[in-house]
Amino acid sequence: MEFKAIIDPKSRVLTDCAVVGVYENGDLGAAARNIDAQTGGLIKQLHTGGDFAAKTGDTLLLPRPAGAASARVLLVGLGSRTGFDRKQYRKALLSSAQALAKTGAANAVVYLALEAIAGVDVQYRARMVAEIFSAQGYKIPDLKSGAKPKPAKLTSVSVAAENARALKGAAMGLKIGAAIGSAMAMSRDLANLPPNICTPIYIGQRAESLAKEWPRIKTKVIDQNGIKALKMGAFLAVTQGSAQPPRLIVCEYHGAKKASAPICLVGKGITFDSGGISLKEPPAMDEMKFDMSGAATVLGAMRAAAELALPINMVVIIAACENMPSGGAIKPSDIVTSMSGQTVEILNTDAEGRLVLCDAITYGRRYKPAAVIDVATLTGACVVALGHHLSGLMSNDEALAAELASAGIRADDRAWRMPIADEYVDQLKSNFADLANVGGREGGACTAASFLSKFAANLAWAHLDVAGTAWLGGSQKGSTGRPIPLLVDFLVNRARSR
């Protein structure tokens, strides 16, 4: 979808549909006032006559209103003006996108970004238009044998600005929002594909195609022999029960001077997690194709950085493999040696994510990164703690943790700080190795992050546990694309602070 910013304070642009906001109590938004005057008071008549209550997210389509420049006018409820905030704004945008998709409009002008929101500038308001309309237009990869759905008619969305200064901010917001939308679509495509298609080899191929699309990205895919040569014993232990060969995928993005330390993003890429010998229960095991969502996220974040040409350096490291039971699979009580030299006793083969991540984090040290952020659908315990609303955030660096938490708030993709501490590491003590890979049920998300912290010593490191936020189950089953909005916001603001 194409997004652009225009100056149109009088709401006179010719378009298939003008999207205007109406508050409760007959309080018209800026563009609604203009169109109401053009149509002889039609909008006020509809409101006072009880045809449009203007509750947040309400919509009413007016086809071919006499006097209006647009072929259609879509009224969108904004609720109370005094209570109009970013949450109401997002809800109004979502309703707008859903309603427009049901019309024959090929293009539209969204005037909602003209409405003031406390503490929110026009760049953010425009960014949310591009992000939400992109997400609403996303379609799951179609592998059904029936007739294919027709492509969406809506292909162009403009955001109206009051003046040249606002136009500049809106244009930048749309650029960021569109990049986030493209990154989320790529991430969701990867995560939604079935595991017999989205294998470790397939993810490597997608990473290579990303490098072909964006010249600033360089991709290297390391096969099983290369992984053995790196002495990644923890990573190799996870994959040894599968017939699918593993891949260590390394992408570098160069947007700044070579001497500039990169941001290193590490993604968990378990393309299917059966639990191994510690087999998961069958209900919802099909959702374990989403266990590579961390890998999909970091690839998407790099794509967004390239699209925005951010003046930073980045490295993405993905440890991709399956976790399967077989005669050659790892067993509880096996001991493996990680790339760092630390030994790990496997007490539960279903705690495999931390094993692939610990070697990937160690590999990242060779880049002398400014920060390392790993993203993983790591623990069910994080879902128990935070539900499906917030991602878990653990870090050994206060400044980095604060940056990520702030990015999540700005992006409406929040993460909640959770602790790592020596007490949690103590739960991981083993009589036979340096560490055990689990420490009991209590504080499971914190013990998992504390395990990783032992491989991130002397790094500015943070861990995002997205087990509750990366996908939805039930009738809405599918990838959400989170936490790409958080990560891209973090990267954009890192680039600005340089």
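Which residues are buried in H3? Before I answer, a reminder to myself: this is a predicted model.

**Entry 1: the inside of H3.** I went through the helix and found Gln88, Tyr89, Ala92, Leu93, Ser95, Ser96, Ala97, Ala99 and Leu100 buried. I also recalled that an α-helix has 3.6 residues a turn, so residues three or four places apart point the same way. Next I asked what the buried residues of H3 pack against.

**Entry 2: a length check.** H3 has 16 residues, and at 1.5 Å a residue they should span 22 Å. I looked up its end C-alpha atoms and they are 23 Å apart, which agrees.

**Entry 3: H3 meets H4.** How do the two helices pack? H3 covers residues 86-101 and H4 covers residues 122-136; their axes are 9 Å apart, at an angle of about 40°. The crossing in which H3 passes H4 is right-handed.

Then I noted who makes the contact. From H3 come Arg86, Tyr89, Arg90, Leu93, Leu94, Ser96, Ala97, Gln98 and Leu100. From H4 come Tyr124, Arg125, Ala126, Met128, Val129, Glu131, Ile132, Phe133 and Gln136. Sorting the residues of this contact gave me eleven nonpolar, three polar and four charged.

Entry 4: Most residues other than glycine have a negative phi, and most peptide bonds are trans. I went looking for exceptions.

- Ala309 is not a glycine, yet has a positive phi of about 50°. I found Ala309 in the loop between helix H9 (293-308) and strand S10 (313-323).
- With 81% relative accessibility, Asn458 counts as exposed.
- The peptide bond from Arg482 to Pro483 is cis, and I wrote down its omega as near 10°. Pro483 sits in the loop between strand S19 (478-479) and helix H15 (484-496).

Methods. Residues numbered from 1 in each chain as written. Predicted model: local features only at pLDDT ≥ 70, side-chain atom pairs only at ≥ 80, totals over all residues. Heavy atoms only, no water. Axes fitted to C-alpha atoms, helices over the stretch in contact; angles between N-to-C directions. Helix = DSSP H or I, 4+ residues; strand = E, 2+ residues; numbered from the N terminus. Left-handed = near helix turned anticlockwise from the far one by under 90°. Contact = heavy atoms within 4.5 Å. Nonpolar A, V, L, I, M, F, W, Y, C, P; charged D, E, K, R; others polar. Expected span 1.5 Å × (residues − 1). Buried < 20%, exposed > 50% of the residue type's maximum accessible area, 1.4 Å probe, protein only.
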